[in-house]
Amino acid sequence: MADDYLVRIGKLIRDARQHRGWTQTQLAEALGTSQSAVNRIERGNQNISLEMIARIGEALDSEIVSLGYAGPMHLRVVGGRHLSGSIDVKTSKNACVALLCASLLNSGRTVLRRVARIEEVYRLLEVLNSIGVRTRWINDGVDLEIVPPAELDLAAIDAEAPRRTRSIIMFLGPLLHRLDRFMLPYAGGCDLGTRTVEPHMIALRRFGLDIAATEGQYHAVVDRAVAPDRPIVLTERGDTVTENALLAAARHDGTTVIRNASSNYMVQDLCFFLEALGVKVDGIGTTTLTVHGVPKIDVDVDYSPSEDPVEAMSLVAAAVVTESELTVRRVPIEFLEIELAVLEEMGLDHDRTPEYFADNGRTRLVDLTVRPSKLEAPIDKIHPMPFPGLNIDNVPFFAAIAAVAQGQTLIHDWVYDNRAIYLTDLNRLGGRLQLLDPHRVLVEGPTRWRAAEMMCPPALRPAVVVLLAMMAAEGTSVLRNVYVINRGYEDLAERLNSIGAQIEIFRDI
C-alpha cells in the first residue's frame, strides 16, 4: 500500500513538473538534490517526507499535498456516455467580472442578477471586500448586491487574490476617478504567455493616469488636469482594454470617443450597464464608441448580465465530441454565428428556435439542438478574429471537434503564446495533434479516444477541452487540480452529469 502511494505521489510530481516546463535537472537544482533522486521520486522508488513534498510543491507552484484544509479538486470521469436532454447556458463570466469592476463607478447600490458563482468572481469579491465594499448574495444566493463605502481603503487591499485573476487590471479605470494616487497588485490569471498591459496604459494615460510598475505593484498617480482632447485610438482591439477605456470615460465630465474598440459580448454588456447608470454610449456593437460621461454616479441599479457564448460553445462541443443529441438553451446567437457557420460547413446537423431577448432586453438568444453528425475537416484553417469573427476563446474547442472529424484541420491560435501547446495534451487521450510552432496545431481525425490520468492544463479553455475528450473516451479518466476550470465555469461537473455525463468530484486526503 505504501509503495502504491509513493507511485501516485511520484506521478503527481512528474505531471506538475512537466506542466511547469521543467526538466528533472531543473527541479533537482531548485531542491538542492540530484537528478537521479528526482527520477527515483517520480517513479515511486524513494521514500519522501512531508517536508520534501512541501518543498517540491513550493518549487513547482503546485499543491501536491494539503494539510488542515480541503486539498485541490480533481475529477474522475467515466467516459463513453452519450449526453441527452437540455441544459441552460449560464451568465457570462467575462461580463460579470467587468460589471463587478464597473460597480466601483457607482456610489449607490448595485444588484447584478444571476451572477456566475465562479472562482474568478470570488477572487474579485475578496478584493472588493478588502477595500471596504460590502457584498452579499441575495435571493437564495442567485443575485449579488454591491454597496461601496464613502471612501475606499486601498491600503488594506487583499494582495493574494489579484495574483490569481487578470481582471484586477480593470480596477484602474474606475479608481482613477476616486483616488489621486493608489497601488494595485500585479494581475494574474491563466498561464497564456506574455500579455502586455501597455495598451491599457496608453488608453488610461489620456485620462491623466500614470503607472509605474515596481516590486509586484502598479503605482498609480492621477493628474486631474489631463483629459482626452481627441479620440482615443486603442493600439489593440482587446476586450479588457476597451472595458478599461469605457470605465475611465464613464465618469469623465465630457464626451470621449474610443476607436478600434472591441464590440464583443462582454463589452456590449458593460455598455448596457453604463447606460443603466445614466451614462450614454453611442455606437454599441461597433468599433467606435462615443461615451457621454457624468462626473458623479449615485443610483440604485438592477442589471441582468447576458448569457455566456463561450460556455454555449463548450456545451455544443461536448455534444459533438460525445456524438450526442443535446439542446443548449439560451444561446447568445449573435456571438456564435461564425462558429456555427464553420460547423455547418463541417457537416454539423443542428437546428435553432426563433430568437428571443435575454433578461437585459438587448442580447438575442436562441435554443440550439445539436445531433450526432459525420464531420469533415474544414477546408480553411480555424483562426480567431475580433468580433464579429470567430471568438478567441472558442478556438480551443475546435481542437476537440476537429479530432472527431475526418481529415486534417489546421488551428492557428495567434493571440496567445502558450495556449496551442496545451492543446497537445489531447494526445495523451488518443488525439493526433502535431505542434507546428507555439501558435499552430495540426489536428488529424477521426480519433479513438482513450482514458488517461493527467494534470489539468493551466489555461481555462484547454482544460475544458481535455475534460470533454475524457467524457468521450471509453473507461475512467482522472483530471487533477481543476481550479482553473472553476475560475470560469459554475458547477460544470454537476451540470454535465444532469445531461448524462458521469463525473465524480474528489480531493486528495
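Good morning, colleagues. The model is a prediction, so local features are taken at pLDDT of at least 70 and side-chain atom pairs at pLDDT 80 or more, while totals for chains, interfaces and linings use all residues. Residues are numbered from 1 along each chain as its sequence is written, and side-chain values use heavy atoms, with hydrogens and water left out. Helices (H or I, at least four residues) and strands (E, at least two) are DSSP runs, numbered from the N terminus.

I begin with the helices. Two packed helices are described by the angle between their axes and the distance between the axes. Here, axes are lines fitted to C-alpha atoms, for helices over the stretch in contact, and angles run from 0 to 180 degrees between N-to-C directions.

Helix H8, residues 198–205, packs against helix H9, residues 239–250, at an angle of about 20°, and their axes are 9 Å apart. H8 is therefore roughly parallel to H9; that term covers angles under 35 degrees, with over 145 counted as roughly antiparallel, 65 to 115 as roughly perpendicular and the rest as oblique. On the H8 side, Pro199, His200, Ala203 and Leu204 meet Thr240, Val241, Asn244, Ala245 and Ala248 of H9, where contact means heavy atoms within 4.5 Å. By class, this contact of H8 with H9 holds six nonpolar, three polar and no charged residues. In that scheme, Ala, Val, Leu, Ile, Met, Phe, Trp, Tyr, Cys and Pro count as nonpolar, Asp, Glu, Lys and Arg as charged, and the others, Gly among them, as polar.

A second pair is formed by helix H11, residues 309–321, and helix H15, residues 460–472, whose axes come within 9 Å and cross at roughly 25°. H11 is thus roughly parallel to H15, and the crossing of H11 and H15 is right-handed. Val310, Ser314, Ala317, Ala318 and Val321 in H11 meet Arg461, Leu468, Ala469 and Ala472 in H15. The contact of H11 with H15 comprises seven nonpolar, one polar and one charged residues.

I turn to the sheets. Strands of a sheet pair through backbone hydrogen bonds, either parallel or antiparallel. Two strands are taken as paired if DSSP finds at least two bridges between them.

Strand E3, residues 110–112, pairs with E13 in the parallel sense over three bridges, and Thr110 stands opposite Val301 in E13.

Another open sheet has three strands in the order E6-E8-E7, with antiparallel pairing. E6 (181–185) and E7 (209–214) are its edge strands, and neighbouring strands are turned by 20° against each other on average, direction ignored. E7 and E8, residues 217–222, pair in the antiparallel sense over six bridges; Leu209 has Val222 in E8 as its bridge partner.

Asn139, in the loop between E4 and E5, has a positive phi of about 55° although it is not a glycine. Asn139 counts as partly exposed because its relative accessibility is 44%; buried means under 20% relative accessible area, exposed over 50%, and partly exposed in between (1.4 Å probe, protein chains only). Asn481 also has a positive phi, near 55°, and sits in the loop between strand E22 (475–480) and helix H16 (483–488). Its relative accessibility of 22% makes Asn481 partly exposed.

Two peptide bonds are cis. The bond joining Phe387 and Pro388 is cis with omega of about 15°, and Pro388 lies in the loop between strand E17 (364–371) and helix H13 (395–403). The bond from Gly445 to Pro446 is cis with omega near 0°, and Pro446 lies in the loop between strands E20 (440–445) and E21 (453–455).

Finally, Phe387 is also among the residues touched by Gln268, together with Ser263, Ile284, Gly285, Glu334 and Phe335, not counting residues up to four places away in sequence. Gln268 belongs to helix H10, residues 265–276, and counts as buried because its relative accessibility is 8%.

How values were computed
Left-handed = near helix turned anticlockwise from the far one by under 90°.
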